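Let's take a friendly walk through a protein fold, one part at a time. Keep the 3D view open as you read.

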Amino acid sequence: MNLIEVGAHGAEDGSTTQLYTEAVGELPATSDTAGWVAAWERERNRGWVADTEAHRVFLSIDPDAPGNAFARVMLRLPTAYIPTLNERSDSLTVTRRADEVGYVSRYRSTVIRIGEEDVEGPDEDFVVLAPPYLGRNTDPQENPTPSMLNLCRHQRNSSYPHFVNWHQGEYPPCPQALRPSYFLRPPSWWSTVEVPYGALVELPPVQAYATGDLCQNKASAWAIFRSEWAVLAGAALVDAYRQRRVAWLYPPRLRAWIRAVGYSIVCRRADGDDDEEAVDILAAILDLLDQLPHTTEFLARLGERALERRDRRGWVRVSCREDGGALQAFVDEDLSPFNSLPYSAEVVSARDYPASDWDAAVATRAATRRAPPPATQPPPTPRVTNAVASAPREVVPAPPPVRIVTVDRVTHRDVDDVAFDELFLAIPGGVARSLARFFARDAAEVQQYSAGFL
């Protein structure tokens, strides 16, 4: 089969970049088994495909019907592109999306330039991915959905973790015994730079296009990985603030990586200029994160804000404003008893108390809650003498009530619809125990059912 190999700069015949479906053939429907057999044969006829890791994975999963695994991947890549001769990867048979066309050739040039000795990273010189990085996952046609990115995060934090990009649909059906041969395990330091649950940060493209170099522990490949992870994590931090006014609680090492790469690199636009507003936002939020406690008690306090949200322990509401000629970020929600945090002026004013009197107000409220309930019987009638009755009565003003207001203006929900429905329709424990006694059933059995609407 004669295919036209094209890429970012066109092929030798002057062609421009073509989609996979244009150069190789249309993708069949999901249930078209015969169509996927034919599509797999067209894929194998591309010649060099047989030398890639992806091809070997397809054959290992189901030797009798490798088209099944191939279908899982291509259904996630409806806008994949055909790489040119110098753009061919040892890991993939296609280019995933338009902004990654030319990535492999730039990666190889960067590896030659930086060498393999004394390369640690992250550094701006090791970033291969082309800008922009802000708002990267905005096109639903070429980018992963939130559920795909959450699935990838589950896989790299599971009992048998592996780095898996969102497009690698062959991973779930791959037998457990074969996964270490084809997929990269996270290194020992990964937990120190992992983003919180719910932060939808995509793994760097180097993990997809240069998996072999990472598995061989090449210093240049890992330096590029660290640098691009810092860039994408920093961009996600700015996007989260602009879209939802929240800041993810990144660990200290990841914050250091973002600073090492540079604010201007993270916030670079496609034309090469910096987004100055984004630079100020990123610097302010990182400075705020340095001031937060990041303790177990603090995370538990965040989780109390929304018990049904697993990701609520990973972010805090923030607001930014000019202060002293520079942009500064402030906590924009009430997280008492953590009262020494840099709260926004709106939160302090909403409490109806000056910041210096807030500790006393919280102590008063706690004492009120611990006070014993009032006596139920009426007190004895006092005996009033004529002298006391004739004395002027002193009026003592009542103390002002303690008023604590919670500021909660921004909506934010990353729980997918399926999980949210399960939480909403779950039978409460008390109801389940009552039903179990009524129907003479085990409480655990009744808890498996869900509530619904009549």
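This is a predicted model: local features need pLDDT of at least 70, side-chain atom pairs count only at pLDDT 80 or more; totals for chains, interfaces and linings use all residues.

## A cluster of rings

Which residues do ring pairs link into a cluster? They are Phe163, Trp189, Trp190, Trp222, Phe225, Trp229 and Trp257.

A pair of aromatic rings is described by two things, the distance of the centres and the angle of the planes. In this structure the count comes to 14 aromatic pairs. Take Trp189 and Trp222 as an example: their ring centres are 5.8 Å apart and their planes stand at 80 degrees, so this pair is edge-to-face. Trp189 belongs to the loop between helix 7 (179-182) and helix 8 (206-209), while Trp222 belongs to helix 10 (residues 219-244), so the pair ties together parts that are 33 residues apart in sequence. Are these two residues buried or exposed? Both Trp189 and Trp222 are buried.

## Charges over rings

The charged end of Arg310 sits over the ring of Tyr197, at 4.1 Å from the ring centre. Another such case is Arg245, which lies over the face of Tyr241, 4.5 Å from the centre of that ring.

Three of them form an open sheet in the order 1-2-3, with antiparallel pairing. Strand 1 and strand 3 stand at the edges and have a single partner strand each, so one side of each is left without a neighbour in the sheet. On average, neighbouring strands of this sheet are turned by 50 degrees against each other, direction ignored.

Let's take the pairings in turn. Strand 1 (residues 246-248) pairs with strand 2 (residues 315-323) over three bridges, in the antiparallel sense. Here Val246 stands opposite Arg317 of strand 2, and Trp248 stands opposite Trp315, also in strand 2. Strand 2 and strand 3 (residues 326-331) are antiparallel too, and six bridges join them.

How many residues lie between strand 2 and strand 3 in their hairpin? There are two residues between them, and Gly324 in the turn has a positive phi of about 70 degrees.

Finally, visit helix 13 (residues 276-291), where you will find Glu276. With a relative accessibility of 63%, Glu276 counts as exposed. Glu276 and Tyr263 are 13 residues apart in sequence, and their C-alpha atoms are 9.4 Å apart in space.

Note on methods
Residues are numbered from 1 along each chain as its sequence is written. Side-chain values use heavy atoms; hydrogens and water are left out. Rings of Phe, Tyr and Trp (its six-membered ring) pair if their centres lie within 6.5 Å; planes under 30 degrees apart count as stacked, over 60 as edge-to-face and the rest as tilted. Helices (H or I, at least four residues) and strands (E, at least two) are DSSP runs, numbered from the N terminus. Buried means under 20% relative accessible area, exposed over 50%, partly exposed in between (1.4 Å probe, protein chains only). A charge sits over a ring if NZ of Lys or CZ of Arg is within 6 Å of the ring centre and within 35 degrees of the ring normal. Two strands pair if DSSP finds at least two bridges between them. Axes are lines fitted to C-alpha atoms, for helices over the stretch in contact, and angles run from 0 to 180 degrees between N-to-C directions.
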